[in-house]
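Here are my notes for a colleague opening this structure. Please read the points in order, with the model at hand.

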Amino acid sequence: MKRLILKITAYSMSVVTLVGANSCSDNFLKVDPLGTLSDQTLANAAGAEGLLIGAYSLLDKVGGAGSGNGISSSNWVFGSIAGGDAHKGSTLGDVPDIVSVETFASNAAVGLFNSEWRVLYDAIQRSNEVLRILELVNDMTPEEKAQKAAEARFLRGHFHFEAKKKWNNVPYLDESINYNNGNLNVPNTEDIWPKIEADFAFAAENLPATQSAIGRANSWAAKAYLAKTYLYQHKYPEAKPLFDDIIANGTNPLGVKYDLVNFHDNFNAERSNNAETVFAVQFSVNDGSNGQNGNRGDRLNGPYNWGPAGGSGFFQPSQSLVNSFRVDEKGLPYLDDFNAVDVKNDQGIPSTTPFTPDETALDPRLDWTVGRRGVPYLDWGIHPGQAAVREQSTGGPYATIKTVYYKGQEGVYSDATALYGIYTTISYKVIRFADVLLMAAEVEVELGNLQRATDLVNQVRGRMSDPATWVHGYIDNNTPGLGFSDVPAANYKIGLYPTAFPNPEYARKAVRFERKLELAMEGHRFFDLVRYGTVADELTAYWQKEKAVHTYLGSAVFQTGKHEYYPIPQAQIDLSLGTLTPNPNY
């Protein structure tokens, strides 16, 4: 399902009444404000569907109350940069709010937090508008109304989940909360997990297994999100049967059974909606929106002044992330000392100076995740290193890949009319099947089923064992468009764990590390570290490694009991007239 271009506003909260000065009767002329739609207009199947599409349209966080640089469905700032996957990139003075997030120097006045809050609660209210109008609809069967309500509650659950994992202490807004009822100031003192669970459980019960478009939520996506909600609360026994069912029987919205596909197909605009898609945010281009319906939230992210037009050099993978892809002689990761040796980079080496990439063994997922000097960058050419980086002292030597389209797709899967930024149709996977397998592996570890956990991790690793799925060199480096050779671009190696994980401690470490590799640069890392309870130690070690090159990280400090969650925006506290309580220690 492509992002809706038609803008549908929430229906009128009030009616403007005009009274004639010389009226000789008590007749009044009532006129709805321009640009609004009344209950009477929307109280039908078409109106409910339009409002639902309006709620779906904010999955990309564009066009709502809080849109802006750094606000994205992918959570590249709040999840990946905060979690050590990447640095902000560009220059220190370009969108400086992101630096405060990266170094945990933020306070409640930082605009990014208010923008994120506003767009999420705008989307929640759009979801609630659907539920409110369904109560007035008469041209739908009870079953049809239940299905629309299930989609709205799935979306409401998703947006509340996004808020919960960022701020923890957040208000839950259902369809009874609106301006007309005078009850908008809802406190944030209640744990809202049970209500998020209820939304996903209702959606799982009332959504069909198949839908008319890949972008709509189906029952399997709802079950996956419900299981993820249990996982975040460490409710492992409740999550296990759901994960088992999804893995054995789940299908994407088009009825295709879940499966692992070629790893990079998930990030190839032409193939990104596939059997691995559990729930994804959809984008469209060349539709008259000048790129605004493309993946606008990630438009800053890509090589600078090289490759795709419009890249601003943001979101640069960290050296620590790149080092995580080193493997031993068995093709297994270095779980404890991955940072003991740096993968060779060109930090401070001019692009005119000869450079040979690292020849040591690396997990083949690295070069589908990170652009690095001397290695093909999709079909754009050999990544030139410093020439494609805006400021190495800030961002380092690497570039992101997963949100970048192929040169051969330019103007078809990218927007040919956009004046600024990289706009593409690569869907963002909120949940993909590999994510499901690794969440299920976590559950199995905590329930003591170590062989099953090993098998699930090996299933994810095993899809990269075919050399055909690796990055290959070009037939001709001077003409990348001619295609790729049969020669791998680097010394790739990947192995499976040969026996069951020996104990829960090792299993926990292996599963968590696999998530780090598989889902790198996809907005999950910080939230994973928080729920693991390891965030302080992990980030402290990360900063110790990175600050030698990135001196601005020298002031970064993680305060336990504070920085696990972001500050409640001061603007929202003020608007709530004190109903909202600040998060601890802010």
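1. Glutamate 442 sits in helix 13, residues 433–446. Helices (H or I, at least four residues) and strands (E, at least two) are DSSP runs, numbered from the N terminus. Glutamate 442 has a relative accessible area of 8%, so it is buried. Buried means under 20% relative accessible area, exposed over 50%, and partly exposed in between, with a 1.4 Å probe and protein chains only. Leaving aside neighbours within four places in sequence, glutamate 442 is in contact with Leu231, Val511, Arg515, Arg531 and Tyr532. Contact means heavy atoms within 4.5 Å.

2. A word on the basis of these notes. The model is predicted: local features need pLDDT of at least 70, side-chain atom pairs count only at pLDDT 80 or more, and totals for chains, interfaces and linings use all residues. Residues are numbered from 1 along each chain as its sequence is written, and side-chain values use heavy atoms, with hydrogens and water left out.

3. Next, helix 16. This helix covers residues 525–532, and eight of the eight are buried, so helix 16 is largely enclosed by the rest of the structure. Arg531 and Tyr532 are among the buried residues. Which elements cover the buried residues of helix 16? They include helix 3 (76–81), helix 6, helix 8 (219–232), helix 13, helix 15 (504–518) and helix 17 (535–546). After helix 16 comes glycine 533, with a positive phi near 85°.

4. Helix 6 spans residues 142–167. Its 26 residues, at 1.5 Å a residue, should span 38 Å, and the end C-alpha atoms are 36 Å apart, which agrees. The expected span is 1.5 Å times one less than the number of residues. Of the 26 residues, 20 are buried, so helix 6 is largely enclosed by the rest of the structure. Asparagine 168 follows helix 6 and has a positive phi, near 65°.

5. Two packed helices are described by the angle between their axes and the distance between the axes. Helix 6 packs with helix 7 (residues 193–206) at an angle of about 150°, and their axes are 8 Å apart. Axes are lines fitted to C-alpha atoms, for helices over the stretch in contact, and angles run from 0 to 180 degrees between N-to-C directions. Residues making the contact include Arg153, Phe154 and Phe161 of helix 6 and Trp193, Ile196 and Phe200 of helix 7. The contact residues divide into 11 nonpolar, five polar and four charged. Ala, Val, Leu, Ile, Met, Phe, Trp, Tyr, Cys and Pro count as nonpolar, Asp, Glu, Lys and Arg as charged, and the others, Gly among them, as polar.

6. Now the strands. Strand 4 (residues 277–281) pairs with strand 8 in the antiparallel sense, over four bridges. Two strands pair if DSSP finds at least two bridges between them. Valine 281 stands opposite tyrosine 428 of strand 8. In strand 4, five of the five residues are buried, so the strand is largely enclosed by the rest of the structure. Strand 8 (residues 428–432) is mostly covered, with five of its five residues buried.

7. Two backbone checks remain. Phenylalanine 104 is not a glycine, yet its phi is positive, about 55°. This residue lies in the loop between helix 4 (97–102) and helix 5 (111–134). At 8% relative accessibility, phenylalanine 104 counts as buried. Asparagine 585, also not a glycine, has a positive phi of about 70°. Asparagine 585 is in the segment after helix 18 (570–575).
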